[in-house]
Amino acid sequence: MTASEDRGQQGSLACSLGFTGCERTELERIEELLAVRMKDATKRHRHSLGVAKTATELAETYQVDAYLAAAAGLLHDWDKVLPDEELVSRAIRYRIEVAGSPALAAPLLHGPVAARELPELFRELPGEVFQAIARHTVGAVDMMPLDMVVFVADAIEPGRRGEYADVLRAQVGEVSLEELFFYCFSRGLIYVLETGRYLYPTAIEIYNRYALARPSTAKQAR
């Protein structure tokens, strides 16, 4: 089954999430283009729809703009369909700042690369949507609420399985968005370390930034 056929069976996500008027029209346009973009990547397409749905729900829980969350969720993996070599080439062409080796960072570059390309295709969307897309892979020391919503949604959308995702889902609405992001980010670091994967150079700085902002850690640091 192709991504377009999959979408046809599911109907409009924007409609099912209750969007109306211009917001629904724009989101449905994004859905249609996404289905074409991922026509040969059904699982990635389904994941993107799941992230959009989850991002919308998180946004509503944490008083973040739901429309922007849905748009960023739909588009966050737009360039994930590109080969690593092409992502590295585009990152160099766009002069995207990459910490460490671009080749080693290739699996993380689809966010920043897409954030440079998508504004031409979706001029109606504000810059914070593209920032959230850029930051959904490695995070940043100054994450905004929309950035955190998309980052977390990527980790807990319905297709994600395992105790890690279940624990995060249980925390939604029970802890602050900042605390939810911190747990999500820190668990991601643990996974990278336990599996012996490449750790992006800025990860420790980002971790420390949010660890020190937590009340319990701040007391220990005194």
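**Close-up views of helix contacts, ring pairs and loop residues**

Both Phe-181 and Phe-185 are buried. The model shown in these views is a predicted one.

**View 1. Phe-181 and Phe-185 form a ring pair within helix 11.** The two ring centres are 5.8 Å apart. The planes of Phe-181 and Phe-185 meet at 40 degrees, so this pair is classed as tilted. Helix 11 covers residues 177-194. Because Phe-181 and Phe-185 are 4 residues apart in helix 11, about one helical turn separates them. Ring pairs also join Phe-181 and Phe-185 with Phe-151 and Tyr-210 in a cluster. The count of aromatic pairs in the model comes to 6.

**View 2. Phe-182 of helix 11 pairs with Tyr-207 of helix 12.** The ring centres of Phe-182 and Tyr-207 lie 5.4 Å apart. With an angle of 35 degrees between the planes, the pair is tilted; an angle under 30 degrees would have counted as stacked. Helix 12 spans residues 203-211. Since Phe-182 and Tyr-207 sit in separate helices, their pair ties together parts that are 25 residues apart in sequence. Which of the terms buried, exposed or partly exposed applies to Phe-182, and which to Tyr-207? Phe-182 has a relative accessibility of 7% and therefore counts as buried. Tyr-207 has a relative accessible area of 30%, so Tyr-207 is partly exposed.

**View 3. Helix 9 packs against helix 11.** Helix 9 comprises residues 145-156. The axes of helix 9 and helix 11 are 10 Å apart and form an angle of about 45 degrees. Helix 9 is therefore oblique to helix 11. Their crossing is left-handed. Helix 9 contributes Pro-145, Met-148, Val-149, Phe-151, Val-152 and Ala-155 to the contact. From helix 11 come Leu-177, Glu-178, Leu-180, Phe-181, Cys-184 and Phe-185. By class, the contact residues of helix 9 and helix 11 are 11 nonpolar and 1 charged, with no polar residue. Phe-151, Phe-181 and Phe-185, named here as contact residues, are also members of the ring cluster that includes Tyr-210.

**View 4. Helix 6 packs against helix 7.** Helix 6 runs over residues 84-93 and helix 7 over residues 110-121. Their axes lie 10 Å apart, at an angle of about 55 degrees. An angle from 65 to 115 degrees would count as roughly perpendicular; helix 6 and helix 7 are instead oblique to each other. Helix 6 passes helix 7 in a crossing that is left-handed. On helix 6 the contact involves Leu-87, Arg-90 and Ala-91. On helix 7 it involves His-110, Val-113 and Glu-117. How many nonpolar, polar and charged residues make up the contact of helix 6 with helix 7? There are 3 nonpolar, 1 polar and 2 charged residues.

**View 5. Gln-63 and Arg-95 have positive phi values.** Most residues other than glycine have a negative phi. Gln-63, which is not a glycine, has phi near 55 degrees. Gln-63 is found in the loop between helix 4 (42-61) and helix 5 (66-75). With 70% relative accessibility, Gln-63 counts as exposed. Arg-95 has a positive phi of about 55 degrees and is likewise not a glycine. Arg-95 belongs to the loop that runs between helix 6 and helix 7. Its relative accessibility is 75%, so Arg-95 counts as exposed.

Definitions and conventions: Residues are numbered from 1 along each chain as its sequence is written. This is a predicted model: local features need pLDDT of at least 70, side-chain atom pairs count only at pLDDT 80 or more; totals for chains, interfaces and linings use all residues. Side-chain values use heavy atoms; hydrogens and water are left out. Axes are lines fitted to C-alpha atoms, for helices over the stretch in contact, and angles run from 0 to 180 degrees between N-to-C directions. Helices (H or I, at least four residues) and strands (E, at least two) are DSSP runs, numbered from the N terminus. Angles under 35 degrees count as roughly parallel, over 145 as roughly antiparallel, 65 to 115 as roughly perpendicular and the rest as oblique. A crossing is left-handed if the near helix is turned anticlockwise from the far one by less than a right angle, and right-handed if clockwise. Contact means heavy atoms within 4.5 Å. Ala, Val, Leu, Ile, Met, Phe, Trp, Tyr, Cys and Pro count as nonpolar, Asp, Glu, Lys and Arg as charged, and the others, Gly among them, as polar. Rings of Phe, Tyr and Trp (its six-membered ring) pair if their centres lie within 6.5 Å; planes under 30 degrees apart count as stacked, over 60 as edge-to-face and the rest as tilted. Buried means under 20% relative accessible area, exposed over 50%, partly exposed in between (1.4 Å probe, protein chains only).
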